[in-house]
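The exercises below are meant to be worked through with the sequence and the structure side by side. Each task is followed by a solution that goes step by step.

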Amino acid sequence: MNAFWLALRFLTILPLGGTSVIQPETVAAAGKYYSLVGLIFGGLVWLFFQGAASLFPPAVAVGLLLLFWVVLSGALHLDGLADCLDGLYGGKTPEGRLTIMKDVHLGTMGIVGLILLLGIKYLSLKEILSLSSGGIWIILMPVLSRWTAIVLAFFFPYARPGGGLGQALVQGTGKKEIFWATLLAWGPVLVLTGYVGLGLIVLIGLWSLACGRYFQKKIGGITGDVCGAVIESSELWGLLYVLGVMFL
């Protein structure tokens, strides 16, 4: 399977990429396209919002935007965030945290975390999109957030032995993968937003490294759930950053 189509299949619910057997080397190669898939994701979200805004009041249009954002990703990253919160709250050892994170049931901390994140995300999107220049950030935010998964895969080990596709991504992510993922992430952001985008890159980059280091201490490395949690939290921090800059 072509690495680009596999990246699109991993990060969205779009029925593309076929059903062929996935090879570990293809999983690693797909990582360099995560930022590009984020750009496509952002473009689709922006187009959806344009249609929603033409039919509904602003508050409803933003709510539908957030709904589409979640559905398009398959809620995959939200699930990772909830699992991480439950594991960190309930587990006392790295093994215990990993066991809880793998449990399909959702705990209290996961539920509370999802409610708070989605609520703040909605309010931030509503304020940003009230300004004429806000739309560009809807397109670019998924680009940088998906880039963080490759940053984590490059700098940190995989926490679970026999981790399947997640382990293949971590073990196969090298200099070529992070170079292309970074180029495809930084290029559009810097070209379209200049120094404001540079600040956003620094913020999200440092956040992803800090999270990776934290989870390395707590569970011995990263997992797919950790990547999902960092993607979601990076988007939230990014929106808050943009909101602060726009309203200074």
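**Exercise 1. How many salt bridges does the structure hold, and how are they connected to one another?**

Solution. The model is a predicted one, and it holds three salt bridges.

Step 1. Begin with K121, which forms a salt bridge with E232, the closest N and O atoms lying 3.5 Å apart. Since K121 belongs to helix α7 (residues 108–128) and E232 to helix α11 (residues 224–246), this pair ties together parts that are 111 residues apart in sequence.

Step 2. K121 also forms a salt bridge with E235, and here the closest N and O atoms are 2.6 Å apart. This pair again runs from helix α7 to helix α11, so that parts 114 residues apart in sequence are tied together.

Step 3. Turn next to R146, whose side chain meets that of E235 in a salt bridge with an N to O distance of 2.4 Å. Because R146 lies in helix α8 and E235 in helix α11, the pair ties together parts that are 89 residues apart in sequence.

Step 4. Through shared partners, the salt bridges join K121, R146, E232 and E235 into one network.

**Exercise 2. Decide whether K121, E232, E235 and R146 are buried or exposed.**

Solution. Step 1. The cut-off needed here is that a residue counts as buried under 20% relative accessible area.

Step 1. K121 has a relative accessibility of 2% and therefore counts as buried, and E232, at 4%, likewise counts as buried.

Step 2. E235 has a relative accessible area of 0% and is buried, and R146 is buried together with E235.

**Exercise 3. Which residues touch the most other members of the largest nonpolar core, and what does Y34 contact?**

Solution. Step 1. The largest nonpolar core has 71 residues, of which Y34, L65, L125, L144 and V226 touch the most other members. Helix α8 (residues 135–155) contributes the largest share of this core, namely 12 residues.

Step 1. Once the neighbours within four places in sequence are set aside, Y34 is in contact with A7, F10, L11, R146, A149, I150 and L169.

Step 2. As general background, nonpolar side chains in soluble globular proteins tend to be buried together.

**Exercise 4. Where is T193 placed, and which residues does it touch?**

Solution. Step 1. T193 is placed in helix α10 (residues 175–219), and with a relative accessible area of 14% T193 is buried.

Step 1. The side chain of T193 reaches the backbone oxygen of V189 at 2.4 Å. Not counting residues up to four places away in sequence, T193 touches W137 and L140.

**Exercise 5. Which residues make the nonpolar surface patch, and which helix gives its largest share?**

Solution. Step 1. The patch, of about 620 Å², is made by F155, W186, L190, L198, V202, L206 and L209.

Step 1. Its largest share, six residues, comes from α10.

Step 2. L190 is found in helix α10, and L190 counts as partly exposed because its relative accessibility is 35%, a value in the range between the buried cut-off of 20% and the exposed cut-off of 50%.

How values were computed
Residues are numbered from 1 along each chain as its sequence is written. This is a predicted model: local features need pLDDT of at least 70, side-chain atom pairs count only at pLDDT 80 or more; totals for chains, interfaces and linings use all residues. Side-chain values use heavy atoms; hydrogens and water are left out. A nonpolar core is a set of buried Ala, Val, Leu, Ile, Met, Phe, Trp, Tyr and Cys residues joined through side-chain atoms within 4.5 Å. Buried means under 20% relative accessible area, exposed over 50%, partly exposed in between (1.4 Å probe, protein chains only). Helices (H or I, at least four residues) and strands (E, at least two) are DSSP runs, numbered from the N terminus. Contact means heavy atoms within 4.5 Å. A polar contact is a pair of N or O atoms within 3.5 Å; within protein, one must be able to donate a hydrogen and the other to accept it, and residues adjacent in sequence count only if both atoms are side-chain atoms. A salt bridge is a side-chain nitrogen of Lys or Arg within 4 Å of a carboxyl oxygen of Asp or Glu. Patches are made of residues with over 30% relative accessible area and no salt bridge: like charges are joined within 9 Å, nonpolar side chains (Val, Leu, Ile, Met, Phe, Trp, Tyr) within 5 Å. Accessible areas come from the Shrake-Rupley method with a 1.4 Å probe; for residues, only the protein chains shown count as cover.
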